[in-house]
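This report looks at charge pairs, a sheet and model confidence. The structure comes first.

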Amino acid sequence: MKIDEGISNPIHPHHKLKLEYTEIPFNCDGCKEAGIGLKYSCRRCEFDLHKACAMPPPTITHPFYKKCEFQFNYRPPGQHMRICDACRNDVLGFVYHCKRCDFDLHPCCANLPQVLDDGEHNLYLCFKLSSSCHHCGGKGPGWSYRSQCKSYNLHVACVKELLVESWQAMYLNADKNRIREIQTRIPSLSRKLRNHHGGRGGKVMKCCQMAGGAVRLIVSAILGDPTAIIGAAVAGFMSK
């Protein structure tokens with residue numbers, strides 16, 4: 001779907017990039033992270049950028065880092081591998097970096113909404129976990145999303161892990177047994193949450209029912225397009 005006449009970008013100067021919509025995951029040629037939904041694309045070169053990577057502000061601030069000013073970089077600064085302080089994944093391309101505090105954020109991580117609302121439930125972005133992540137069971141570093149009922153927590157890193165595994169199963173012809181194993185992991189989060197509370201009360205059941213939906217909602221935000229439309233698309237490719 002053509003939306004505008006296109007923009008120029010320093011790392012792809014030869015052709016204009018046009019804003020398009022896709023329900024098929026892509027790999028951003030800027031930050032090297034996965035994306036879905038709106039993207040700036042050059043079809044002639046098979047070159048894609050997240051919307052956040054195509055027109056990045058040169059500097060940003062973030063409520064989690066009150067004393068930081070993050071500068072946009074086309075490549076990771078320094079000689080050593082950098083790690084995104086939000087998702088704990090390697091920084092391989094575009095990045096926001098704070099020289100003063102040495103923090104790094106992927107552009108899409110820097111733009112993660114503080115609140116996700118799917119129309120029925122709210123999920124809140126947290127700097128650190130107050131209780132265990134319902135995927136990995138730990139309280140390790142990295143940002144997380146927490147349900148409004150404060151009973152459901154997921155590391156951003158863990159959701160990325162689920163995403164990558166599902167994507168590999170869908171698009172890289174993974175072993176069929178592995179695909180079935182991956183497909184059962186998201187529903188199992190609901191069961192794990194019920195067991196965690198040791199009961200089936202109405203409040204707990206309501207929170208359990210949102211588990212699969214929470215993953216899909218967070219995935220759509222991580223991929224750079226936290227909308228209900230993309231949430232539905234994500235539900236489709238993660239359930240195949």
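E20 counts as buried, because its relative accessibility of 12% is under the 20% limit for that class. The model is a predicted one. E20 forms a salt bridge with R43, and their closest N and O atoms are 2.9 Å apart. E20 belongs to strand β2 (residues 12-27) and R43 to the loop between β3 and β4, so the pair ties together parts 23 residues apart in sequence. R43 is exposed, at a relative accessible area of 64%.

**Salt bridges**

The structure holds six salt bridges. Three of them, including the E20 pair, are listed here.

| Pair | N to O distance | Separation in sequence |
|---|---|---|
| E20 and R43 | 2.9 Å | 23 residues |

What joins R82, D102 and D104 into one network? Salt bridges that share partners do. R82 is buried, with a relative accessible area of 14%. D104 is buried too. D102 counts as partly exposed, at 42% relative accessibility.

**The four-stranded sheet**

Four strands form an open sheet in the order β1-β2-β3-β4, with antiparallel pairing. β1 (7-9) and β4 (47-50) stand at the edges with a single partner strand each, so one side of each has no neighbour in the sheet. On average, neighbouring strands are turned by 55° against each other, direction ignored. Strand β3 (residues 34-42) pairs with β4 over four bridges, in the antiparallel sense. K39 has H50 in β4 as its bridge partner.

**Positive phi**

E46 lies in the loop between β3 and β4. Its phi is near 55°, a positive value in a residue other than glycine. E46 counts as exposed, at 70% relative accessibility. R88, in the loop between β7 (82-83) and β8 (90-91), has a phi near 70°, again positive in a residue other than glycine. R88 counts as partly exposed, at 36% relative accessibility.

**Confidence**

The protein chain averages a pLDDT of 77, and 70% of the residues score at least 70. Which elements have the lowest and the highest mean pLDDT? Helix α5 (residues 185-197) has the lowest, 41, and strand β9 (residues 95-98) the highest, 98. Over residues 178-205 the pLDDT is below 50. Beyond near neighbours in sequence, that stretch has 44 contacts in the model.

Conventions
Residues are numbered from 1 along each chain as its sequence is written. This is a predicted model: local features need pLDDT of at least 70, side-chain atom pairs count only at pLDDT 80 or more; totals for chains, interfaces and linings use all residues. Side-chain values use heavy atoms; hydrogens and water are left out. Two strands pair if DSSP finds at least two bridges between them. Helices (H or I, at least four residues) and strands (E, at least two) are DSSP runs, numbered from the N terminus. Axes are lines fitted to C-alpha atoms, for helices over the stretch in contact, and angles run from 0 to 180 degrees between N-to-C directions. Buried means under 20% relative accessible area, exposed over 50%, partly exposed in between (1.4 Å probe, protein chains only). pLDDT is the predictor's confidence in each residue, from 0 to 100. Contact means heavy atoms within 4.5 Å. A salt bridge is a side-chain nitrogen of Lys or Arg within 4 Å of a carboxyl oxygen of Asp or Glu.
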